[in-house]
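Welcome! Take a moment to look over the sequence and the model below, and then we will walk through some of the details together.

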Amino acid sequence: MSAHRELGLTDSEYELIVEKMGREPNVVELAMFSLLWSEHCAYKHSKKLLGKLPSDGPRVVMGPGENAGAVDLGSGYAVAFKVESHNHPSAVEPFQGAATGVGGILRDVFAIGARPIAVLDSLRFGELDSVRSRHLLDGAVRGIGHYGNSIGVPNVGGEIYFEEPYEHNCLVNAMCIGFAKTEDMVRAAAAGVGNAVVLMGATTGRDGIGGASVLASAELGEGDDAKRPTVQVGDPFEESKVLECCLELLEKGLLVSLQDLGAAGLTSSAGEMASAGEVGIDIEVAKVPLREADMEPFEIMVSESQERMLAVVEPSRVEEVRAICAKWQTESAEIGVVTDSGHIRILKDGEVVGDMPVEALVDGCPLYDLAPAAPAAWIYGNKETLSPSADSASTLVALLAAPSIASKKWIFQQYDSIVGSRTVRRPESADAAVLQLPESGNAIAVSIDGNGRKVACEPFNGTVEAVLECAQNLACVGAEPLGLTNCLNFGNPEKPVPAWQLDRAISGLAAACEELGVPVVGGNVSLYNEGPDGPIYPTPVVAMVGELPDPAQTAPSSFANEGDAIGLLGPFTPTMHGSEIAKQRGELEMGLPDPNVAAVADACATVREAVRAGKVASAHDVSDGGLACALAESSIGAGIGCRADLQDLRERGCTPDEALFGEGPGGFVLSGDRTELEALGALIIGEVGGTTIELAAGDRSLVIGLTDATEAWRSLDAKAESDAEPPADA
Amino acid sequence: MIWGVLQFPGSCDERDALNACEVVGDEARLIWHEERDLSGVDGVVVPGGFSYGDYLRAGAIARFSPAMEAVAELAAAGGPVLGICNGFQVLCEAGLLPGALLRNQELRFICRQADLLDDEGNVLSIPLKHGEGRFYAPEEMLDRLEAGGQVAYRYADGHNVNGSSRNIAGVRNEAGNVVGLMPHPEHAVDPLTGSIDGRKVFEALEKYA
């Protein structure tokens, strides 16, 4: 009774498997159960909570349970999107971990028949003064670039934070956007007894064995170097061929269904296809093209070799399918058949070596209730790096230079952001990425956000704020939200505090989406993100896709003209809670004010309509580092200074410090014609112009040169590059 | 004129190139790398990407494709051939253009807008994106290229981000009908996505059709 423990199953789970099988599972079956009953595949600690999320809406084409969610764009087109984590592989081997994270999310999207048109990523590392963090950052960035650049999908945006709690457990969440003719999209359910099961793409090797259970569903700790063989190795060239091959097969209507092979390899793809279609599948492992001879049946079934797809094909179409695979110079093999048995059967040279009811294997894992308990106080520690008595000018410089706020040019310049000719707004030129879609005659905007520090302060409100930040970013480019997806990165759910964080965060996500009327069309959960010092910041990463009618009508985030008025719009009442300045002053504590979702939604609508009507010259949401940083960023991007007086925020109860550097949802910095801004209801706070940034708020005021501000904001390059290893890849 | 845009396994920018040919008022169609017959096509674009995964060396495998044999014949007959990024690397590997492309000086992939200068001193704003874009040739060959008017495009001061010899961004063959450059003119044909200066690069070759 110890083999199952090594594979991550508890004694009671093992007993349940024996009960459902009516006998002890053999080695093949145990390996398969251990993967599909892992946290990563079964969502056993989160599934009950995820049911709270609203997933219906008039524009939803595909919702949770498919390889990716999708929403309708009109004119017969849809946009598909999904975010997925590759945290633990990246912590163990950042280059391949991040590269295969991109590869995996691309496959999820083309598996439903959508052509990937953009990638974004959300990354978290420890503080940049740590050698380990710089190593992980460098590896992850090179890995993401290597895969995305090579496959011709632009990387159009993302976000990154550097915080101590991610030191041992970095987060690498990758998002893919796909574009499809709605009629060409395909679901993952196997159907048609007697239909062939065809494996396409790369050969199957011994890489990534046990990735989902050993690596993704347990805490990191000592000896993780030994887990490197569980990390998969990516080949973007193979993926590029498989991608084009699958899209051609779908366009020609040759596939009944299609599924990618991700975590748990053939086991999960065959199991999930059979479960969704309520059928059985027989797989002959001797027919699987192998990278090395003598692989055991269980190894073939659990291998996580990348760049593989599984399709269900009518028997009369198999030859045609294989011919198209040959054209794209990629492997294909008929490895199985759809049956009416309701069982997954594994055969080797005709002899049955595993036989499990699909229901038990895929849907039989017990779901657990959490035992949440709020922490008595702030558990993540505090470290003062900026004196609370520092003057306002040096405080602003310190905030602009904070790696989480500073320009990420060093990173995004390593990614191809333009291939595909859709990128209307390149990284850091607007609050959200904007992609034109000439085929459907409109455009989409995408934003991905999640501030773990704020969620740690109060998981419900912090998650609501992440959703609002996405909505505000979309509003700044004139887009209206269509749908949302998420990746929930949390600690060990079997411990009370991470359980409480997860429970409250999902409730906050549900409440915010409900109130905004934005459906959650998919998601991913990554638990057990802990290091020796405890859990990571609870990090729900949310990504929102919005529609805009005219890609020519978007606003930049930088000011545009000397002499324009600057307006502050929205229910913005900044506080120090969970802010970057509270972090730097070592003053983090529990608590985050309740956001007014309805009022923020109204402000978003106002900004959206103003941008679409061309009434503003720039739009930027107030985020990390508060109003002072938002104003400075709009000035730096434009190369034009600004003057603003924030005294009026005193009427909202803010101290001068809070007015300058405090944070909170609901604030927009707009620039343009004064009368237009006033007509929108914006508070006029200043004017664009000059070569300095001059800010006043009661008894605090500051003047800094635009050059000094720019230098601080551009300081990430030197910090990230200092001792990064020379890249070994192309 | 009608352009053929080559498509290898691993090509990335072939659809962008097709679109650019149409934007400048020409016709264009994709040419699969196994096609040996280019009849009906007046000129060829060898597009960007990672043909054959750039395995062995960028462009080293693609140059042996049947379509490249046909491109060599078209080039010899004086037809226009434009190699962009990976396409430039392929043309150099095939011996249709002089020089070679090496790893960027900073050893990282780089994607950004750059200013180029053409023969007539026009400044063209065109994006570049590559990891192996440092143009290299021996000194005497560089002298010969400059003397023979074979330098087609140079990076403006401050824009040579890959460390190319003598700021060279693109070269042409002796006859002038084969041009290769690392920056991506096909990504500079639409004001919404950046600039329209790339159109000039396509238009400059139309006279060879």
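Predicted model: local features only at pLDDT ≥ 70, side-chain atom pairs only at ≥ 80, totals over all residues.

Helices (H or I, at least four residues) and strands (E, at least two) are DSSP runs, numbered from the N terminus.

Residues are numbered from 1 along each chain as its sequence is written, chains are lettered from A and ligands numbered from 1 in the order in which they are written, and side-chain values use heavy atoms, with hydrogens and water left out.

The predictor's confidence in each residue is given as pLDDT, from 0 to 100. For chain A the mean pLDDT is 94, and 96% of the residues of chain A reach 70 or more. Residues 726-730 of chain A have a pLDDT below 50, and beyond near neighbours in sequence this stretch has ten contacts in the model. Contact here means heavy atoms within 4.5 Å.

## Two domains in chain A

Chain A is divided into domain 1 (1-37 + 186-365) and domain 2 (386-420 + 556-717). These bounds come from an automatic or database domain assignment. Taken over C-alpha atoms, the centres of domain 1 of chain A and domain 2 of chain A are separated by 49 Å.

## Salt bridges

A:Asp138 counts as buried, at 0% relative accessibility, and A:Arg142 is buried with a relative accessible area of 14%. Buried means under 20% relative accessible area, exposed over 50%, and partly exposed in between (1.4 Å probe, protein chains only).

Another salt bridge joins A:Lys327 and A:Glu248, whose closest N and O atoms are 3.0 Å apart. A:Lys327 belongs to helix H13 (residues 318-327) of chain A and A:Glu248 to helix H10 (residues 236-251) of chain A, so the pair ties together parts that are 79 residues apart in sequence. A:Lys327 counts as partly exposed at 29% relative accessibility, whereas A:Glu248 counts as buried at 13%.

A:Ala264 is found in the loop between strand E8 (257-260) and helix H11 (265-277) of chain A, and counts as buried at 0% relative accessibility.

A:Asp294 is not a glycine, yet has a positive phi of about 65°. The loop between strand E9 (280-284) and helix H12 (297-302) of chain A holds A:Asp294. Is A:Asp294 buried or exposed? A:Asp294 counts as exposed, because its relative accessibility is 68%.

## A helix and a patch in chain B

In helix H1 (residues 14-23) of chain B, the residues B:Glu14, B:Asp16, B:Ala17, B:Leu18, B:Ala20 and B:Cys21 are buried. What do the buried residues of H1(B) pack against? Their partners are strand E1 (2-7), strand E2 (27-32), E3 and helix H5 (199-203) of chain B. After H1(B) comes B:Gly25, with a positive phi near 95°.

B:Leu56 counts as exposed, at 74% relative accessibility. Together with B:Tyr55 and B:Ile61, B:Leu56 forms a nonpolar patch on the surface, with about 320 Å² of accessible area together. Accessible areas come from the Shrake-Rupley method with a 1.4 Å probe, and for residues only the protein chains shown count as cover. Patches are made of residues with over 30% relative accessible area and no salt bridge: like charges are joined within 9 Å, nonpolar side chains (Val, Leu, Ile, Met, Phe, Trp, Tyr) within 5 Å.

Conventions. Salt bridge = Lys/Arg side-chain N within 4 Å of Asp/Glu carboxyl O.
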